[in-house]
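Let's take a friendly walk through this model. Have the sequence and the 3D view side by side as you read.

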Amino acid sequence: MSELITPELVTLDQDLGGTRETVIRHLAEKVVAAGRATRLEELFADAMARENKTATGVPGGIAIPHCRSAAVTQASLAMARLKPPVDWGAKDGPADIVFFIAAPEGADQEHLQLLAKLARSLIKKDFTASLRSAETPQAIVELVDGALGLGPVPETGQSGTAAASASGSAPAGAGSGTSGATAAGAAAGAAGAAAAGAGGAHRGAHAESAGSEGPAGQRSGGERAGEVHDGGGTATSGEAPASATGTAPGRLVAVTACPTGIAHTYMAADSLAAAAAERGIDLQVETQGSAGSTPLDPEVIRNADAVIFAVDVDVRDKGRFAGKPVVSGPVKRGIDEPGVMIDEALAAAKDPNARKVTGGGTGGEERGSAGGESFGGQLKRALLTGVSYMIPFVAGGGLLIALGFLLGGYELSLSNDEGVANGDILLDGTSIFSLPPDGLLAYLGAVFWKIGNISLGFLVPALAGYIAYALADRPGIAPGFTAGAVALYMDAGFLGGIAGGLLAGYVAMWVGGWKVPSWLRGLMPVVIIPLIASLIASGLLLLVLGGPIAALTLALNDWLSGLTGVAAIGLGVILGLMMGADLGGPINKVAYAFAVAGLGEGAFDNQAPWQIMAAVMAAGMVPPLGMALATVLDKTQFSMALRENGKAAWVLGAAFISEGAIPFAASDPLRVIPSTMIGGAVAGGICMAAGVTSQAPHGGIFVFFAIGNFFMFVVAILAGMVASALVLVGLKRLTGSKKAEEPVVA
C-alpha cells in the first residue's frame, strides 16, 4: 500500500456543496479526521491560497487541488467523486473527479515522486474511466496503488484492455515499448492502439516512446531524428517520421514548473510529450518540480529549434536557452493546449522575427509571447517584484533606525551647523574599545542608526534594480541599480526609481532581442546589454526625466506633509478600505506597496510617509482581529472550525498577517468583506488623525519600538476591530445566519 490514500479518505457520489471551496473544505476535513493533519483552517487556507493563484481543474473532468502546509503531518490523498460536478476552471467543463493532494512542508522525495506519478496518471482516459466506474472506496484505493506501481493493476473493463501500470507496460497490440516508459506514455500507446486497431499500433507505440523517461526530471516527447518505432515499439535506425504538416519534424525543448511543484508540473510535461508524439516531434522536457529536477543536456538544448516554457514561476537558469525562439504560457496552458504551444514553437523556429531568450535568460520575452501575460500584467508583476525585493532593505533599515533611537535618543538624527548628524559625530574616531563620552548605549544607538541609514540608502536602487530584473532577468539588474542610483542622485525618490527600473528593464529586453553573431552572444548578458541599457536608462533620467520627476516627488512630499484634518483622515480611510478589501490580494498589495515605497522618504521634518505606513499596518491588522472578536461576541453564528480559527486569528492579526481572515471570507464573503473594509477604514482614519507613525513596514504590535504614538496606534486597531466585529455580527443576524456545518468525521 502507498499509505497516501485509504478508504476513509474517499468520498463517492455525493453533493459537496457545488463550489470549489466547499469541496476542498470537505476533503481537508477528511485529512484532519484521519489524523494526517492537525489544523483544519490552516490546511484549508493553504489549499485555497494555491487554488486562487491558478485554478487546478484540467481537461477530462478532473481537478487536483493541492498544497504544501505546515498543518500536514503525513503526505495524503483525499478523493471525491462528485454528483453533481463542480466548475473547476477547466475549458471543457466541470470536474466530477477531485483529488486533493496535501503534502507536508518538508515532504520526502519518495512521497513527492508518488504524488507526481499520480498526477501524470490522471491524464490517462482508461485510469479516469476506472475511477468513475469504481463502486467502493477500497476499489479507488486499489486503482491508485496500481497506478503508482505499488499494487496489482485492476482490469479497466474498457475494450478488454488493462490499465497501464506505472512501470510502463502497454496493452496488447501496443507493443512492449521502449525501456523506461512511464505510465503516461503507456497510456498514450494504449489510446493509439485502441483507437486505430492494428493500423494504430505504430502510432500508439510511437506515443509510448514519447512518454519515455530519461534521467529524473526529464521527459522525451518523441524519438530522436534518425529513429522510428515499429508496431512492436522497438527502436530502429531510419528516417524520422514526417510531422502532421508533411515536413521534417522539429526538435524542441520545454520546461514545466508550477508554484507547488507537485501536480501541474508533471501533467504539463506529459501533455506536451503526448502532443509532440502525435506530431512526430522530438521534445525533451525538464520538469522543475518538488520531486527533483535534472537539467536538460546542454547538447540537447543547443540542437533544439525552439523552447517552450509552461511555467507559473521563474525558470531556473534561463540563460541556458539564450538565443532560442521561445513560446511561453502558464503551466495550465501546457495541460489544456499542449498541441497549440507546440505548433506555436514550431512556427517560432521558422520565424526570424520570433521572440528569443536573451543572453541572460530574460523573463520579458517569454512572458510576452503568445499565450503569456498582457502588458498590464507584466507591468504589475514587475512593480510588485521590485517592491518585494525592496522590503528587506526597508524592514532592516527602518527597524535598525528605530532601535538606534531607542538606545541613543532622537538627537542622533539632528545636525550641527556644519550639517553633520549627531550619530555620525558619535561614530567619528571611536570604536567599541574607545567609547565617546556619551557612553555605550549612545554609541550602540549611533551604530544601529548608521547601519539603518545605509540600508535605506539601497531602497531606491534595489527597487529599480529588481523591477528591471523582473522584466529582463539578470541582464537587467546592473542597469536597474544604476538607474536607481541616478534617481537617488537626482532627488527623484521612489518615483524616479520606478521610472528608472522600467526604462532599464525594457531597454535590456530590447537589446537582448537583437540578432547578433554567435560569437557575440556570450558577451551580450555581461557587457553589451548592461552597457547599453545603463547608458540609455540612466542617460534619460539625467538629461530628460530626472528633473520633472524630482519636482513631482517634491510636490508629492509637500502635499503629504501638508495633509491635516479631513484630508489626512480621508487618505487613511481610503487606504484602510483597500487593506480590508481582499486580504492580501491585489487591492491590498497596492495600498501596502504605496506605503512601503514611500517609507524611505520619511524623516522627522517629513513624517507623512511614516504616518501612511502606520495607517496601512493598523488597517491590515484589523481583519483577523475583527473576525476573532466576532467569534467571541456571538459564537452561534460560526461553526466550530471557524471558532477555532478565531483563536489563531488573534495572534495573526497582532502580527499584521491579514490572511488570518481568509477562512472567514471564503465561507461568507458577502458579509465578511464589507465588515473588514469598514474596520480597516476606521483604523486607518484614526491613525492619520492622531499622527501615528511607523518606521517599520511589518510586524504589528511586535515592533512597538518603531511606532510613534503607540497608544493611539492601539486605540485605532481596537476601534477598527470592534467596528469590524459588530458589523459582521449585525449583518449575520440581520440577513440570517449562514453558519457552516460542523465537520463530519468519517
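What should helix α10 span at 1.5 Å a residue, and how far apart are its end C-alpha atoms? The model is a predicted one, and in it α10 has 13 residues, numbered 338-350. At 1.5 Å a residue these should span 18 Å, and the end C-alpha atoms lie 19 Å apart, which agrees.

P338, G339, M341, I342, A345, L346 and A348 of α10 are buried.

P338 deserves a look of its own. This residue sits in α10 and counts as buried because its relative accessibility is 13%, under the 20% cut-off. Leaving aside residues up to four places away in sequence, P338 touches S271, L272, A275 and R333. A269 is 69 residues from P338 in sequence, yet 9.1 Å from it in space, C-alpha to C-alpha.

## The chain as a whole

Stepping back, the protein chain holds 26 helices and 17 strands. Of its 746 residues, 54% are buried. Among contacts with a separation of 6 or more, 71% are between residues 24 or more positions apart. The chain exposes about 28,900 Å², and 62% of that comes from carbon and sulfur atoms.

## Helix α1

The buried residues of α1 are V23, I24, R25, H26, L27, A28, E29, K30 and V31. Cover for them is provided by elements including β1 (10-14), α2 (40-53), β5 (76-86), β6 (95-104) and α23 (640-654). Just after α1, G35 has a positive phi of about 75°.

## Two helix pairs

Which residues of α15 and α16 meet? From α15 (residues 459-472) come V460, P461, A462, A464, G465, Y466, A468 and Y469, and from α16 come I477, G480, F481, G484, A485, A487 and L488. By class, this contact has 12 nonpolar, three polar and no charged residues. The two helices pack at an angle of about 145°, with axes 7 Å apart, and α15 passes α16 in a right-handed crossing.

The second pair is α22 (residues 608-633) and α25 (residues 669-690), whose axes come within 8 Å and cross at roughly 145°. Here too the crossing, of α22 past α25, is right-handed. On the α22 side the contact uses Q611, I612, A614, A615, A618, A619, V622, P623 and M627; on the α25 side it uses V672, S675, T676, G679, G680, A683, G684, C687 and M688. These residues divide into 12 nonpolar, six polar and no charged.

## Backbone details to check

Most residues other than glycine have a negative phi, and most peptide bonds are trans. Some places in this model depart from that pattern. The peptide bond from K83 to P84 is cis, with omega near 5°, and P84 is found in strand β5.

D491 has a positive phi near 60° although it is a residue other than glycine. It lies in the loop between α16 and α17 (493-512) and is exposed, with a relative accessible area of 58%. N709 is another non-glycine residue with a positive phi, about 60°. Its place is the loop between β17 (707-708) and α26 (710-735), and N709 is partly exposed at a relative accessible area of 37%.

Is T553 buried or exposed? With a relative accessibility of 5%, T553 counts as buried; it lies in helix α19 (residues 524-561). Leaving out residues up to four places away in sequence, T553 touches D491, A492, G493 and L495. T553 and G493 are 60 residues apart in sequence, with their C-alpha atoms 6.4 Å apart in space.

How values were computed
Residues numbered from 1 in each chain as written. Predicted model: local features only at pLDDT ≥ 70, side-chain atom pairs only at ≥ 80, totals over all residues. Heavy atoms only, no water. Axes fitted to C-alpha atoms, helices over the stretch in contact; angles between N-to-C directions. Helix = DSSP H or I, 4+ residues; strand = E, 2+ residues; numbered from the N terminus. Left-handed = near helix turned anticlockwise from the far one by under 90°. Contact = heavy atoms within 4.5 Å. Nonpolar A, V, L, I, M, F, W, Y, C, P; charged D, E, K, R; others polar. Buried < 20%, exposed > 50% of the residue type's maximum accessible area, 1.4 Å probe, protein only. Areas by Shrake-Rupley, 256 points an atom, 1.4 Å probe, with all protein chains shown as cover. Expected span 1.5 Å × (residues − 1).
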